[in-house]
Amino acid sequence: MADIKVMLADGHALVRAGVRRLLEEDEEIEVSEEARDGMECLDRMCAFAGGNEGFRILLLEIGLGMTDGLQVLKKAKETLPGMKVMFLTGREDSECLARAMEMGADGYLSKDCDISELKTAIRTILYGKTYIQTRLKPLLRRREAESFGGDGSCRRRWESLTAREREVLAQVAEGMLNKEIAFSLNISEQTVKNHLSSIFRKLDVTDRTQAAILAIRESE
């Protein structure tokens with residue numbers, strides 16, 4: 001029995017069939033549910049997430065009709081925090097990518113990725129890390145330049161972080177909790193919180209998701 005259960009949400013039946021066939025060549029992966037639009041995905045999502053065996057991943061397109069993929073992502077993160085959500089999409093613009101990551105997406109790939117990268121991404125997010133297709137990462141930097149007028153302020157903020165703050169932020173970007181970071185770095189949980197407060201102030205962000213996005217941008 002496959003350990004990794006996938007739900008596919010895409011408006012094109014041929015895309016779903018092709019992705020299913022390619023994923024299920026891997027004996028550890030099973031596409032156990034499909035949806036053709038956002039409403040159908042929302043209807044089936046809770047039952048899919050409630051399965052008793054295996055890890056659960058929702059793989060979806062951003063453009064899903066009246067209820068788009070970002071709305072599905074928002075609902076999933078509000079009601080099913082244990083489920084991983086990754087976009088496999090034809091949308092390759094900085095705004096969609098930035099919005100998806102800011103809203104808590106675990107991964108983002110273009111439909112031109114090869115199957116080996118898709119499988120790598122699936123396994124990566126199962127371990128609590130974020131996966132963005134390498135060639136799409138520059139879009140995050142472009143978004144930052146657009147937001148701040150291209151004046152290099154993002155880079156200066158990044159360079160203001162201490163080595164320890166960068167260590168903490170790198171682990172935040174991997175999805176680690178404060179107590180896990182504290183254990184990994186052999187420091188107290190309060191010290192982690194203090195570092196995060198300093199990081200947020202220096203980067204001029206309000207939460208760990210925004211900080212993690214900046215870390216991903218600057219890590220390349």
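How many nonpolar, polar and charged residues does the lining of the largest pocket have? In this predicted model, the lining of the largest pocket comprises 13 nonpolar, 6 polar and 8 charged residues. The pocket has a volume of about 660 Å³, and 27 residues line it, of which Gly-104, Asp-106, Gly-128, Thr-130 and Gly-175 lie nearest its centre. Helices α4, α8 (163-173) and α11 (208-218) each contribute at least two residues to this lining, and the largest share, 5 residues, is supplied by α11.

One of the residues nearest the centre of the pocket, Gly-175, is found just after α8, where it adopts a positive phi of about 90 degrees. Within α8 itself, the residues Glu-165, Val-168, Leu-169, Gln-171, Val-172 and Ala-173 are buried.

The protein as a whole has 220 residues, of which 47% are buried, and its secondary structure amounts to 11 helices and 6 strands.

Leu-23 belongs to helix α1, which covers residues 13-23, and Leu-23 counts as buried because its relative accessibility is 0%, where the cut-off for a buried residue is under 20%. When neighbours within four places in sequence are left aside, the residues in contact with Leu-23 are Val-6, Ile-29, Val-31, Leu-59, Ile-115, Leu-118, Lys-119 and Ile-122.

The structure contains 1 cavity of 30 Å³ or more, and the largest cavity holds about 60 Å³ of space. Its lining is formed by Leu-8, Ala-9, Asp-10, Val-15, Arg-16, Val-19, Leu-59, Leu-60, Glu-61, Leu-88 and Lys-111, and Leu-59, one of these lining residues, is also among the residues in contact with Leu-23. At least two lining residues come from each of β1 (4-9), α1 and β3, with α1 giving the largest share, 3 residues. By class, the lining of the cavity has 7 nonpolar and 4 charged residues, and no polar residues.

Strand β3 (55-60), which supplies at least two residues of the cavity lining, is also part of the cover over the buried residues of helix α3. In α3, which spans residues 69-79, the buried residues are Gly-69, Leu-70, Val-72, Leu-73 and Ala-76. These buried residues fall within an arc of 155 degrees when seen down the axis of α3, and they therefore line one face of the helix. The elements that cover them include α2 (38-49), β3, β4 (84-89) and α4 (94-102), and α4 additionally supplies at least two residues of the lining of the largest pocket. At the start of α3, a side-chain oxygen of Asp-68 comes to within 3.1 Å of the backbone nitrogen of Leu-70, a residue that is itself among the buried residues of the helix.

Methods
Residues are numbered from 1 along each chain as its sequence is written. This is a predicted model: local features need pLDDT of at least 70, side-chain atom pairs count only at pLDDT 80 or more; totals for chains, interfaces and linings use all residues. Side-chain values use heavy atoms; hydrogens and water are left out. Helices (H or I, at least four residues) and strands (E, at least two) are DSSP runs, numbered from the N terminus. Buried means under 20% relative accessible area, exposed over 50%, partly exposed in between (1.4 Å probe, protein chains only). Contact means heavy atoms within 4.5 Å. The arc is that of the directions from the helix axis to the C-beta atoms. A polar contact is a pair of N or O atoms within 3.5 Å; within protein, one must be able to donate a hydrogen and the other to accept it, and residues adjacent in sequence count only if both atoms are side-chain atoms. On a 1 Å grid over the protein atoms alone, a cavity is a set of points where a 1.4 Å probe fits but cannot get out, and a pocket is an open set with protein on both sides within 12 Å along at least five of seven lines; lining residues have an atom within 4 Å of a point. Grid points are joined across faces, edges and corners, and a volume is the space filled by probe spheres set on the points. Ala, Val, Leu, Ile, Met, Phe, Trp, Tyr, Cys and Pro count as nonpolar, Asp, Glu, Lys and Arg as charged, and the others, Gly among them, as polar.
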